[in-house]
Amino acid sequence: MATRVIGAAGLARDLGNWRDIGADEAARRARPAYLALAEGIRLLIHDGRAPLGVALPSERDLAATLGVSRTTITSTYALLREHGYLISRQGSRSTVALPPAVPHDGERPARSILATMSQPELATVDLTYAAMAAPAEMQESYAAALQGLPTYLGTHGMDPVGVLALREAVARRYTARGLPTEPGQILITLGAQHGLRLLLNVLTAPAARVLIEHPTYPNAIEAIRDVGARPVPVPLLPENPSAGWDLDGIRSAARQTAATLAYLVPDFNNPTGMLLDEAGRAELAAIARDTRMTIVVDESMADLGLDVDTMPPPVAAFGKGAEIVTIGSASKSFWGGLRVGWIRTHQSLITKLLGIRSTVDLGTPVVDQLATVHLIENADAILELRRDQLRAQRSALLTALAEELPEWKVSPGAGGMSVWAQLPAPVSTALAATAPNHGVLLAAGPRFGVQGAFERFLRLPYTHSEGDLRIAVKGIAAAYDALTPRAADPLNPLTLY
């Protein structure tokens, strides 16, 4: 299979003002262009914007696009190869890599978890998860479920499709959002993660490529790997929050890798909180049709718009066939302990999913489904209060970060449950390992990407109380101050922290 190639125009766009990276004005004048360019590409690699295994543009193309000499590009690539950021093979393009000293696929984050387990008394605020406590209406919902339970007690209680009342409630909610849906198009699952796993079992094969946005939900990455498929990252564009998704990159990656499946979170991406606009959704559906690729859209966060006047229609509303499959969940909207989710798709795919579901489980608990019916019927009032709570907690988090860590760049998305913070140096894993000593548990940036990306980023959920968030930020600041980056060689901009 042909190697994916980053286009010269796309790389130039992502590099931005690469001559200004990491230097003051005097240093910029004295620094050779190839050093500045090498540093810019190195940062893209660490941030996941230049995925591992992808080929860089030819020297001729990049030189013409950036308006520099080909000698500059040759020297840049040579320096990157010298430090392990490019691998060159005879007769083929140079491909992006990470030096052996840089951890891949969460090796060091796993050790930070072990450190946390050894010192649990220090874990005062756990920021490794993004989920809220149950709303006040939860007990009322289960009381209503118990009242409706006698109707089902005369049956065996194992319904792999889901009770009709819940499928009708979910279908009505999709229809109200601009996506006409029948109950027969809904399969109730044990949460969105369960739904994704069922879909992967049906729609992929070992070694198949599955496109993902980068960064994305870490458990989705693991689910893709667990079925033997290979996640193919397409970087998000946080500097363009009105679009955010590199749609040209998705189209190109689908064609170059022959991917037949993609997993995307266009409704408040986890971890960035970005929202794909209506035009982007229409284009995404067109890409799916043009490339004959099925897109699994995760709408787990769709109810949590914090800075949105009007939500765009679901991505599936722009589909013309079966190219868009949607998964949803009650866990983020209402409560993580409510393990109820759903898949919206065509009936023929539901039939295939039911064929394998019996090997995994025999259905979703009836009481939980009936409680979810009550929550959906009262969703507008419940969600309005929860969104207000999230706005207040997000504000508290952003204020604390501005006070304690003003050098960090924090980009709050339009909704969701977390912000995606950019650190001045690639120390996310080290920070996550140190933070438990200061009373905070963190999920390091590389958890949200593949092959060691996002060492300069950290996901910070705002699902805790305002007081706990202020305490957490103080602990993070103390942990960050405790880190002592290795002194950088002033003649070598590629020295790692």
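**Figure 1. Contacts of Arg456 beyond four places in sequence.** Arg456 touches Leu43, Asp47, Ala421, Gln422, Leu423, Pro424, Ala425 and Pro426, with residues up to four places away in sequence not counted (contact: heavy atoms within 4.5 Å). The model is predicted: local features need pLDDT of at least 70 and side-chain atom pairs pLDDT 80 or more, while totals for chains, interfaces and linings use all residues. Residues are numbered from 1 along each chain as its sequence is written, and side-chain values use heavy atoms, without hydrogens and water. Arg456 sits in the loop between strand S13 (440-442) and strand S14 (457-461) (helices are DSSP runs of H or I with at least four residues, strands are runs of E with at least two, numbered from the N terminus). The relative accessible area of Arg456 is 10%, so this residue counts as buried (buried is under 20%, exposed over 50%, partly exposed in between, with a 1.4 Å probe and protein chains only).

Figure 2. The whole structure holds two cavities of 30 Å³ or more (a cavity is a set of points on a 1 Å grid over the protein atoms alone where a 1.4 Å probe fits but cannot get out; lining residues have an atom within 4 Å of a point). The largest cavity contains about 210 Å³ of space (grid points are joined across faces, edges and corners, and the volume is the space filled by probe spheres set on them). Its lining is made of 16 residues, and those nearest the centre are Arg173, Arg177, Asp303, Ser329 and Trp342. At least two lining residues come from each of helix H9 (164-176), strand S9 (324-329) and helix H16 (379-404). H9 gives the largest share, three residues. Sorted by class, the lining of the largest cavity has eight nonpolar, four polar and four charged residues (nonpolar: Ala, Val, Leu, Ile, Met, Phe, Trp, Tyr, Cys and Pro; charged: Asp, Glu, Lys and Arg; polar: the others, Gly among them).

**Figure 3. Arg173 in helix H9.** Arg173 belongs to helix H9 and is one of the lining residues nearest the centre of the largest cavity. With a relative accessible area of 26%, Arg173 is partly exposed. Apart from residues up to four places away in sequence, Arg173 touches Asp303, Ile376, Ala379, Asp380 and Leu383. Of these contacts, Asp303 is also among the residues nearest the cavity centre. Arg173 and Ala379 are 206 residues apart along the chain, and 9.8 Å separates their C-alpha atoms.

**Figure 4. The second largest cavity.** This cavity has a volume of about 30 Å³. Ile45, Gly48, Ala50, Pro51, Leu52, His214, Val450, Gln451 and Ala453 line it. Six of the lining residues are nonpolar, three are polar and none is charged. Because domain 1 (4-96) and domain 2 (110-134 + 381-483) both contribute to the lining, the second largest cavity lies between them; the domain bounds come from an automatic or database assignment.

**Figure 5. Surroundings of Leu56.** The loop between helix H3 (33-46) and helix H4 (59-66) holds Leu56. Leu56 has a relative accessible area of 2% and is therefore buried. Beyond residues up to four places away in sequence, Leu56 touches Val5, Ile6, Leu11, Ile41, Tyr77, Leu86, Arg93, Ser94 and Val96. From Leu56 to Leu11 the C-alpha distance is 8.2 Å, across 45 residues of sequence.

Figure 6. Most residues other than glycine have a negative phi, and most peptide bonds are trans. The bond from His214 to Pro215 is cis, with omega near 15°. Ala258 has a positive phi of about 60°. Its loop joins helix H12 (247-257) and strand S7 (261-264), and with a relative accessibility of 52% Ala258 counts as exposed.

Figure 7. The chain averages a pLDDT of 87, and 88% of the residues score at least 70 (pLDDT is the predictor's confidence in each residue, from 0 to 100). For residues 102-123 the pLDDT is below 50, and the model gives this stretch 31 contacts beyond near neighbours in sequence. Residues 486-497 also stay under 50, with 24 contacts beyond four places in sequence.

Methods: On a 1 Å grid over the protein atoms alone, a cavity is a set of points where a 1.4 Å probe fits but cannot get out, and a pocket is an open set with protein on both sides within 12 Å along at least five of seven lines; lining residues have an atom within 4 Å of a point.
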